[in-house]
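The sequence and model are shown first.

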Amino acid sequence: MEFGSIEYQIAVWELFNLGRIGSAMVGIGSILAIWLSLRIAVNTRNNPETNIVAKLLSTAFGLIVVGSSWIQYTIGAVYWTNTSGAFAEMKSQGIDVSPAAEFFIDFVGTTEPATSPTPLGMAFLITVTIIILVQIWYPKQD
């Protein structure tokens, strides 16, 4: 397959969409794990027999879930930047790319590999972390 041919552009789009499918499935798993960690945090808070070991284990579980989600959200962002980079590389070789690929490069705004989730993803995960920690460690109001 000649570099820059329409077939190559289609292959780049197909790989991007395959990554998005996997990313969507991991996203669903992350949401379920976050929901479970929030349930554990609430149950840890509400159980009168909760001791420091239970609090530490609940905290560890919640932080592991958030950390894993952070990694998966970053990988999801990498699909976008790698695809943008592939189209930009084609352009730099003097090869005409489709208008959709041009728009995609502009939309993504970078061809540098992502090293963190998008700002919205970060805000979501930071908020979840705060909720988990507050549920477990903040003193109850009588």
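At what angle do α2 and helix α4 pack, and how far apart are their axes? In this predicted model, α2 and α4 (residues 119-137) pack at about 175°, and their axes are 10 Å apart. Angles over 145 degrees count as roughly antiparallel, so α2 and α4 are roughly antiparallel to each other.

**α2 with α4**
- On the α2 side, the contact is made by I52, K55, L56, S58, T59, G62, L63, V66, S69, W70 and Y73.
- These residues meet G121, M122, F124, L125, V128, T129, I132, L133, I136 and W137 of α4.
- By class, the contact of α2 with α4 holds 14 nonpolar, six polar and one charged residues.

**α2 with α3**
- The axes of α2 and helix α3 (residues 99-108) lie 9 Å apart, at an angle of about 125°.
- This angle makes α2 oblique to α3.
- The crossing of α2 and α3 is left-handed.
- From α2, the residues in contact are W80, T81, T83, S84, F87, A88 and K91.
- From α3, they are A101, E102, F104, I105, F107 and V108.
- The contact of α2 with α3 comprises eight nonpolar, three polar and two charged residues.

**α1 with α2**
- α1 and α2 pack at about 165°, with 9 Å between their axes.
- α1 is therefore roughly antiparallel to α2.
- α1 and α2 also cross in a left-handed sense.
- Their contact has 19 nonpolar, 12 polar and two charged residues.

**Largest pocket**
- The largest pocket holds about 220 Å³ of space.
- Its lining is made up of R20, S23, V26, G27, Q72, Y73, G76, A77, Y79, W80 and T118.
- α1 (6-46) and α2 (52-92) each contribute at least two residues to this lining.
- The largest share of the lining, six residues, comes from α2.
- Five residues of the lining are nonpolar, five are polar and one is charged.

Note on methods: Residues are numbered from 1 along each chain as its sequence is written. This is a predicted model: local features need pLDDT of at least 70, side-chain atom pairs count only at pLDDT 80 or more; totals for chains, interfaces and linings use all residues. Side-chain values use heavy atoms; hydrogens and water are left out. On a 1 Å grid over the protein atoms alone, a cavity is a set of points where a 1.4 Å probe fits but cannot get out, and a pocket is an open set with protein on both sides within 12 Å along at least five of seven lines; lining residues have an atom within 4 Å of a point. Grid points are joined across faces, edges and corners, and a volume is the space filled by probe spheres set on the points. Helices (H or I, at least four residues) and strands (E, at least two) are DSSP runs, numbered from the N terminus. Ala, Val, Leu, Ile, Met, Phe, Trp, Tyr, Cys and Pro count as nonpolar, Asp, Glu, Lys and Arg as charged, and the others, Gly among them, as polar. Axes are lines fitted to C-alpha atoms, for helices over the stretch in contact, and angles run from 0 to 180 degrees between N-to-C directions. Angles under 35 degrees count as roughly parallel, over 145 as roughly antiparallel, 65 to 115 as roughly perpendicular and the rest as oblique. Contact means heavy atoms within 4.5 Å. A crossing is left-handed if the near helix is turned anticlockwise from the far one by less than a right angle, and right-handed if clockwise.
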